Amino acid sequence: MTDLWNQLKAVLLEEFLEIADGTAVTEKTKLAEIPNWDSMAAVNLQILINEIFQVELPLDLLQDEATFEELIGFIREPETIADAMRRFHERS
Amino acid sequence: MEEIRPLMNERTTIVSSTGSYLPEKRVGNDDLTQFPREAIPLIAEKTGVHYRRVASDDECTSDLAIRAAKKCLEKGGIDPMQVEGIILATSSPDRMQPATATRVQDLLGARQAFALDINSVCSGSTFGIALADGLIRSGQADRILLIASEVYSRILNPKDYTTFPFFGDGAGAVLLRAGIREEGGILRSCLRSDGGGSEMICVPAGGTQLPFGRMTHPRSAFFRMRGADVFSFAVEKVPEIIRQLLAEAGVSISAIRCFVCHQANANIIYKVAEILDVPVERFFMNLSDYGNTAGASVLIALDEALTEGMIRQGDLVVTVAFGGGLSWGANLIQI
């Protein structure tokens with residue numbers, strides 16, 4: 001978890017300058033808590049995760065309530081993404 | 001006709017002619033293959049942008065400005081030597097110095113004209129109209145060519161979905177001349193700034209505050225914008241400044257034939273129309289084809305609205321823009 005979190009955090013620092021400027025983030029942080037988070041920023045995070053980890057995360061899983069811990073889970077076990085998407089569509 | 005209260009000076013500034021230039025290269029949303037397929041429909045949904053024009057590799061901001069300026073002068077039947085001043089509004093200049101306007105002056109052959117740049121980011125056209133109006137009213141010049149030109153494709157990060165899909169390159173121009181009150185012209189301007197919001201829209205690096213050599217993040221070299229904050233800022237300030245402008249001029253909103261608003265986002269324009277209780281059809285829109293051309297958008301739109309007949313001689317028009325700075329401004333013009 002820690003290695004992946006450190007890698008993901010490095011990506012976040014690169015993408016979201018406000019985090020680099022001092023906003024604290026942990027694995028428990030929700031995406032909506034990132035400064036200036038919106039549906040456009042979600043696309044940038046999706047692109048970066050794909051580039052760095054070669055994992056294609058659907059935008060539907062990059063919702064406001066998702067935490068970095070959940071994203072790390074998908075990065076570590078991409079095969080769980082399909083199940084998560086099924087649950088997402090059942091809920092919505 | 002209501003009694004319009006222009007500024008005190010009897011000498012006024014008349015819109016003599018307009019022109020615009022959009023680069024030939026047209027890029028559709030589907031051509032933006034660097035972004036995930038599922039994100040492409042969001043571009044039009046969020047902003048109304050379907051296409052944008054992109055300058056060729058050998059075109060820079062002054063080249064677009066010159067093309068727009070030539071069209072404007074040709075329409076007005078004016079020789080470049082008759083132009084006394086060139087004001088170029090741009091936030092994507094050719095170089096940090098000298099002023100991009102000086103290259104325009106040289107290549108246009110406007111050797112009698114002084115030339116200067118102004119940078120009010122996306123509000124550049126409206127600030128430029130007010131500035132040119134002041135120079136003409138004061139007797140400093142009788143004929144000023146205001147140009148707004150932007151090549152944002154050079155300052156955007158091609159991989160940044162929060163900015164890259166929404167902007168386009170282009171230039172607009174308006175030739176302004178001295179006239180008398182009975183001719184109409186620029187009746188009133190309102191300009192506002194709020195430097196407290198300077199981080200909302202900016203290119204962080206490349207100036208003296210953060211030279212390229214001291215950047216810690218490569219992305220600092222590119223334009224960035226907090227889209228949601230800009231939306232809130234725009235829908236608050238644009239209706240406010242239009243109301244203020246019209247109140248100061250003693251003109252009712254129903255008298256305005258056309259609103260030429262900065263073409264940033266169709267949803268902002270829809271919201272502004274709703275807040276002002278004005279049919280959105282009275283707002284000229286071309287951003288579907290061009291995207292957000294930053295400081296150039298108002299002059300491009302003004303030229304197209306005149307060319308397409310949405311604005312006719314004698315009509316009252318409001319030009320209004322908002323952008324980095326923060327800055328926002330509006331002009332009341334009788335064409």
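I first looked up the packing of α2(B) in this predicted model.

I then checked which residues of the helix are buried. Thr61(B), Ser62(B), Asp63(B), Leu64(B), Ala65(B), Ile66(B), Arg67(B), Ala68(B) and Ala69(B) are on the list, and so are Cys72(B), Leu73(B) and Gly76(B). Because twelve of the 16 residues of α2(B) are buried, I note the helix as largely enclosed by the rest of the structure.

Next I looked up the geometry of the helix. Helix α2 of chain B covers residues 61-76 and reaches 23 Å from its first C-alpha to its last, close to the 22 Å expected at 1.5 Å a residue. Just after α2(B), I found Gly77(B) with a positive phi of about 65°.

I turned to the whole chain. Chain B has eight helices and 13 strands. Its radius of gyration is 19 Å, close to the 20 Å from the globule rule for 335 residues, so I record chain B as being as compact as a globular protein of that length. The C-alpha trace of chain B spans about 55 × 45 × 35 Å along its principal axes.

Finally, I looked up burial and contacts. Of the 335 residues in chain B, 54% are buried. Among contacts in chain B between residues at least 6 apart in sequence, I noted that 79% join residues at least 24 apart.

How values were computed:
Residues are numbered from 1 along each chain as its sequence is written. Chains are lettered from A and ligands numbered from 1 in the order in which they are written. This is a predicted model: local features need pLDDT of at least 70, side-chain atom pairs count only at pLDDT 80 or more; totals for chains, interfaces and linings use all residues. Helices (H or I, at least four residues) and strands (E, at least two) are DSSP runs, numbered from the N terminus. The radius of gyration is taken over C-alpha atoms; the globule rule is 2.2 Å times the number of residues to the power 0.38. A residue is buried if 20 or more other C-beta atoms lie within 10 Å of its own, exposed if 12 or fewer, and partly exposed in between; C-beta atoms are placed from the backbone. Two residues are in contact if their C-beta atoms, placed from the backbone, lie within 7 Å. The expected span of a helix is 1.5 Å times one less than its number of residues.
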